[in-house]
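Okay, thanks for making time, everyone.

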Amino acid sequence: MSRVRGQDTKPEMALRKSLHARGLRYRTHARELPGKPDLVFPRFRAIVLVHGCFWHRHLSCRLATTPASNVEFWQKKFQRTVQRDKSVQIKLLESGWRVATVWECALGQCDLPLVSSQLEQWIRSEERQKEIPDPGVP
């Protein structure tokens with residue numbers, strides 16, 4: 001597990017590159033904010049969290065599998081992660097930030113332009129929250 005990246009993951013880097021190409025400027029991993037969010041858009045008071053489906057337990061996603069060995073350990077670990085995600089999101093919303101969650105499965109090669117477009121629209125809007133799941137999942 002020491003090789004598992006907590007930041008600058010492939011999905012995050014792809015999204016950052018795409019949003020930057022659209023002219024959106026951001027800060028990464030702001031330590032002064034709860035949970036050190038992946039992307040912070042201070043000008044728009046917006047935050048984008050890029051969640052890996054496995055670690056953050058994206059419901060009904062093919063990537064959110066549970067390892068067969070040491071199941072109890074993994075269930076507790078996943079449960080703590082999901083609780084922490086909810087807590088961080090509540091803290092950010094209460095402090096006046098707008099929060100969007102993008103799931104790893106939504107950032108496939110074909111879907112990246114669509115997701116970037118949706119995010120750009122959301123960032124420039126006044127909407128408080130947004131979740132972007134895999135466009136191929138009903």
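Predicted model: local features only at pLDDT ≥ 70, side-chain atom pairs only at ≥ 80, totals over all residues.

Pro133 comes out as partly exposed, since its relative accessible area is 37%. If you skip residues up to four places away in sequence, Pro133 touches His58, Trp103 and Ala106.

Trp103 belongs to strand β4, which covers residues 98-103. Is Trp103 buried or exposed? Trp103 is buried, because its relative accessible area is 8% and the cut-off for buried is under 20%. Leaving out neighbours within four places in sequence, Trp103 has quite a list of contacts: His51, Gly52, Cys53, His56, Arg57 and His58, and then Glu131, Ile132 and Pro133. And take Leu49, which is 54 residues away from Trp103 along the chain: the two C-alpha atoms are separated by 8.4 Å.

The average pLDDT for the protein is 89, and 91% of the residues score at least 70. Confidence is highest in strand β2, residues 39-41, with a mean of 97, and lowest in strand β5, residues 129-132, with a mean of 88.

Next, the helices. Two packed helices are described by the angle between their axes and the distance between the axes. Here I mean helix α1, residues 10-21, and helix α4, residues 112-124: their axes come within 10 Å and cross at roughly 60 degrees. So α1 is oblique to α4. The handedness of that crossing is right-handed. On the α1 side we have Ala14, Leu15, Ser18 and Leu19, and they meet Leu112, Val115, Ser116 and Leu119 of α4. Sorted by class, that contact has six nonpolar residues, two polar ones and no charged ones.

Which residues does Ser116 contact, neighbours within four places aside? Ser116 is in contact with Leu15, Ser18, Leu19 and Arg22. Ser116 has a relative accessible area of 0%, so Ser116 is buried.

Over to a loop now. His29 is in the loop between β1, residues 27-28, and β2. His29 counts as buried because its relative accessibility is 12%. Beyond the neighbours within four places in sequence, His29 is in contact with Gln7, Asp8, Glu12 and Arg16, plus Lys36, Pro37 and Asp38.

Last stop, backbone angles. Most residues other than glycine have a negative phi, and most peptide bonds are trans. With that in mind, look at Arg45, a residue other than glycine with a positive phi near 55 degrees. Arg45 is in the loop between β2 and β3. With a relative accessible area of 36%, Arg45 is partly exposed.

Then there's Ser60, not a glycine, with a positive phi of about 55 degrees. Where does Ser60 lie? Ser60 is in the loop between α2, residues 53-56, and α3, residues 71-94. Ser60 counts as exposed, because its relative accessibility is 70%. That's my tour, so over to you.

Technical notes:
Residues numbered from 1 in each chain as written. Heavy atoms only, no water. pLDDT = per-residue confidence, 0-100. Helix = DSSP H or I, 4+ residues; strand = E, 2+ residues; numbered from the N terminus. Axes fitted to C-alpha atoms, helices over the stretch in contact; angles between N-to-C directions. Parallel < 35°, antiparallel > 145°, perpendicular 65-115°, else oblique. Left-handed = near helix turned anticlockwise from the far one by under 90°. Contact = heavy atoms within 4.5 Å. Nonpolar A, V, L, I, M, F, W, Y, C, P; charged D, E, K, R; others polar. Buried < 20%, exposed > 50% of the residue type's maximum accessible area, 1.4 Å probe, protein only.
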